[in-house]
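Hi everyone, thanks for coming. I'd like to walk you through one structure today, piece by piece, and you can follow along on the screen.

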Amino acid sequence: MSKQFDVVVIGAGPAGYVAAIRAAQLGLSSACIESEAYADPKGEVRLGGTCLNVGCIPSKALLRSSELYEEASHGFVMHGISAENVKMDVATMIRRKDNIVAQLTQGIKGLFKKNKVTLLPGYGRFVGREDDVWHLDVSGEIVAARHVIVATGSKPRHLPGIPVDNRLVCDNVGALSFDAVPKRLGVIGAGVIGLELGSVWKRLGSEVTILEAVPEFLAAADDAVSKEAWKIFTRKQGLDIRLNVKIGKVSVGKKGISVEYEDGEEARTLECDRLIVSVGRDPNTGDLGADNVGLKINERGRIEVDAHCATNLPNVWAVGDVVRGPMLAHKGMEEGVMVAELIAGQAGHVNYDAIPSVMYTHPEIAWVGKTEQQLKNEGIEYRAGQIPFMANGRALGQGDTTGFVKVLADAKTDRVLGVHVIGASASELIAEAVVAMEFGASAEDIARICHAHPTLSEAMHEAALAVDKRPLHF
Ligand code: FAD
Ligand code: NAI
């Protein structure tokens, strides 16, 4: 008799492990299959998926180390602190990052134990369905499930003719584990990974050149934010970002890497010592046994789902990077919770209009809801309030006044339609805007909330006041 569960989740990334835990909390027998993709040096399966192993968590650990190095090297001076001969030991920085990853991935195992989720180590594939029960092959063992949640996540997209060895030519995996600061770092793709990891190595001393295919910089962000970010990243921080280029041949030789590319009509070559390829991610659906059961996958490789993450098959759900929408850990976690609650007969729901986006560059960039250009394109009348951190006492005290908060509200109802922040702690500040949008609050509602003084959050307060043209401190 094969093992049987109410819910079996395939994939233990943030979408999958959260789904498995929530299902168990709701009294369902719950199991989670995870492959050896991120196995530890002893070969033990590691949970947490891309996010914990080679994504969100390790990248933020390195960002922090590089920020401290930058502060010590250049930021202390204005406080009257001198720090000479500041040095970065890359091996220690990487070890710290690895320890954080180990701690957190191990922590998920603890959460599985606490919540009575059965871990099924192995590679999961659909086999078929009999008597309303799905059969999955887990590396040779058949497991039965009333409901299956596919949470197999995504992998880095590579470009044809550019072989990634994760030593010299790297995707996110290798780029998080360089053994030294490259003198010249090339990056293909000025998206989130390119800018976050480009910033890490730039701060540590690399000359960083980023080659981007499209002519716009950060096209998904509000125009005011992308303009400000462009100024800061290129002029102040010295990232060399070249837009509208077409990548050609990449060759790896003894003296380094040559990236041929076209910049308008001009043929150019970028010489670098390491290259990061960060041009997006592709869903992991190739080897799922989808054909065995007729699971619908679209032309982009993503599993087709409805607003509740139900697939075309009965009792088969899919969540996280493997389905439509932004490839973000928190979006996947929300979907995991929703699906587990729906399976348990509750009213699960995800508000896709209130999912925040954050880039952990310095300054950070965070937003939720519509951009000003989207509102214009959709013909929605709006009012905008924008406050620079330069007018915020806490920002001045911290010596970090770059950026602003911008609130966009419906011209008639005053309901908040979008909030955009570029500045220190934008990732934390955006939470207030998400709450506002989730509860359909108006700019006036934010304006009437008492914000502690002196805090960066007062800039949110002032921006909400500015929507009604009555900021108090600007
Ligand atoms: P994944 O995390 O990819 O997990 C899927 C899991 O399924 C993996 O463990 C995989 O091994 C396993 N699997 C796949 N197929 C099978 C199978 N057939 N059988 C068994 N197991 C299988 N997002 C944010 O929100 N904030 C950030 O700051 C952020 N930073 C990032 C930084 C980097 C460098 C990268 C690469 C990504 C970052 N992301 C960030 C994105 C985030 O990591 C993903 O959105 C998130 O991990 C997706 O979760 P998931 O559970 O859908 O998939
Ligand atoms: P991305 O989609 O953010 O950016 C990819 C960039 O590469 C785009 O600007 C694109 O125009 C460009 N590009 C594509 N093909 C190209 C080519 N041939 N030549 C030059 N440029 C090309 O993808 P990225 O940075 O790889 O990150 C993947 C995903 O991981 C993100 O979309 C995001 O979902 C997630 N992520 C989230 C983070 C966060 O939330 N802070 C941090 C890092 C990753």
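Predicted model: local features only at pLDDT ≥ 70, side-chain atom pairs only at ≥ 80, totals over all residues.

Let me start with how the names work: helices, of at least four residues, and strands, of at least two, are DSSP runs, and they are numbered from the N terminus.

P454 is in the loop between α13, which is 443–448, and α14, which is 458–467.

Okay, now the sheets. A bit of background: strands of a sheet pair through backbone hydrogen bonds, either parallel or antiparallel.

Back to β18 and β19, then. They belong to an open sheet of 5 strands, and the order across it is β18-β19-β22-β21-β20, with antiparallel pairing. Which strands are at the edges? Those are β18, at 357–359, and β20, at 382–388, and each of them pairs on one side only. From one strand to the next, the twist averages 10°.

If you zoom in on β20, you'll see it running antiparallel to β21, residues 404–410, with 7 bridges between them. One pair to click on is Q386, whose bridge partner in β21 is K406. This sheet also has a helix packed on it: α7, residues 223–236, touches β19, β20, β21 and β22. The direction of α7 makes about 5° with that of β22.

Next, a sheet with parallel pairing. Here 5 strands form an open sheet in the order β8-β15-β9-β10-β11. The edges are β8, at 169–170, and β11, at 240–242, each pairing on one side only. Inside that order, β9 (residues 184–188) and β15 (residues 274–277) run parallel and are joined by 4 bridges. L185, for example, has R274 of β15 as its bridge partner. A helix packs on this sheet as well: α6, residues 192–203, touches β9, β10, β11 and β15, and its direction makes about 165° with that of β10.

A quick stop at a hairpin. β12 and β13 form one, with 2 residues between them. They run antiparallel, and 7 bridges join β12, residues 245–253, to β13, residues 256–263. If you want a pair to find on screen, V245 stands opposite D263.

Let's move on to helices. Two packed helices are described by the angle between their axes and the distance between the axes. For α3, residues 56–75, and α4, residues 90–115, the axes come within 9 Å and cross at roughly 145°. The crossing is right-handed. Residues making that contact include I57, A61 and L62 of α3, along with I100, V101 and L104 of α4. What classes of residue are in that contact? There are 9 nonpolar, 1 polar and 3 charged. In the loop between α3 and α4 you'll find N85, which has a positive phi of about 60° although it isn't a glycine.

Which element gives the largest share of the lining? That's α3, with 7 residues. By class, the lining has 6 nonpolar, 11 polar and 9 charged residues.

Finally, the largest cavity holds about 50 Å³ of space. Its lining includes P156, D171, I193 and V277, and by class it divides into 4 nonpolar, 3 polar and 3 charged.

Technical notes:
Residues numbered from 1 in each chain as written. Chains lettered and ligands numbered in written order. Heavy atoms only, no water. Pairing = 2+ DSSP bridges. Axes fitted to C-alpha atoms, helices over the stretch in contact; angles between N-to-C directions. Contact = heavy atoms within 4.5 Å. Left-handed = near helix turned anticlockwise from the far one by under 90°. Nonpolar A, V, L, I, M, F, W, Y, C, P; charged D, E, K, R; others polar. 1 Å grid on protein atoms, 1.4 Å probe; cavity = no way out; pocket = protein on both sides within 12 Å on 5 of 7 lines; lining within 4 Å. Points joined across faces, edges and corners; volume = space filled by probe spheres on them.
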